[in-house]
Amino acid sequence: MNAVSTIESLDAIDTTSFLDVTTSLEKLLEPVVGTQDTPARQSYPDSLKLEAVLAVLEGGMSKREVVETFEIASLSTLKKWLTAYRKNGKQALVAKKRGRPVGRPAVRSSAFDPLNYQASYYLHAENARLVSKLGSK
């Protein structure tokens, strides 16, 4: 197939189907919705949590009203706060420190440690040698 016949075959393509194909490809190549722009974890000030809980328990507001008024991400978040407050009071709504403490080095995973692997390999080989030595006596 030469260049002229290639161009002629491209001219024969219906432009609407070409646009449909390119639009479909663009949609496939878009990042998954919600993975780029939304934060991984929503956090709220302790005072807002307490205020929201008290609005339900003492203020007479419905849970849905509180979620909308205080712009809480979901009803389940408010329900968790209410449950925690009922069990442990104000202290349950105080944010806990997350992650590794500052200044403490990360603990290396023991899933694969080359030194342990080498020692284990050596011990298995030594055991096999001793077993074969005992078996030959």
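In what order do the elements of the protein chain run from the N terminus on? The elements follow the order α-α-α-α-α-α, and the chain contains 6 helices and 0 strands. Helices (H or I, at least four residues) and strands (E, at least two) are DSSP runs, numbered from the N terminus. The model is predicted, so that local features need pLDDT of at least 70 and side-chain atom pairs count only at pLDDT 80 or more, whereas totals for chains, interfaces and linings use all residues. Residues are numbered from 1 along each chain as its sequence is written, and side-chain values use heavy atoms, with hydrogens and water left out.

The protein chain has 137 residues, of which 12% count as buried (under 20% relative accessible area, with a 1.4 Å probe and protein chains only). The chain exposes about 11900 Å², and carbon and sulfur atoms supply 58% of this area, as computed by the Shrake-Rupley method with a 1.4 Å probe. Among contacts (heavy atoms within 4.5 Å) with a separation of 6 or more, 47% involve residues 24 or more positions apart.

The structure holds 1 aromatic pair, a term applied to rings of Phe, Tyr and Trp (its six-membered ring) whose centres lie within 6.5 Å. Tyr-44 and Trp-81 form this pair, with 5.2 Å centre to centre and 80° between the planes; the arrangement is edge-to-face (planes over 60 degrees apart). Because Tyr-44 lies in the loop between helix 2 (15-29) and helix 3 (46-57) and Trp-81 in helix 5 (residues 75-88), the pair ties together parts that are 37 residues apart in sequence. Tyr-44 is buried at a relative accessible area of 13%, and Trp-81 is also buried, at 9% relative accessibility.

Methods:
Phe/Tyr/Trp six-rings, centres within 6.5 Å; stacked < 30°, edge-to-face > 60°. Buried < 20%, exposed > 50% of the residue type's maximum accessible area, 1.4 Å probe, protein only.
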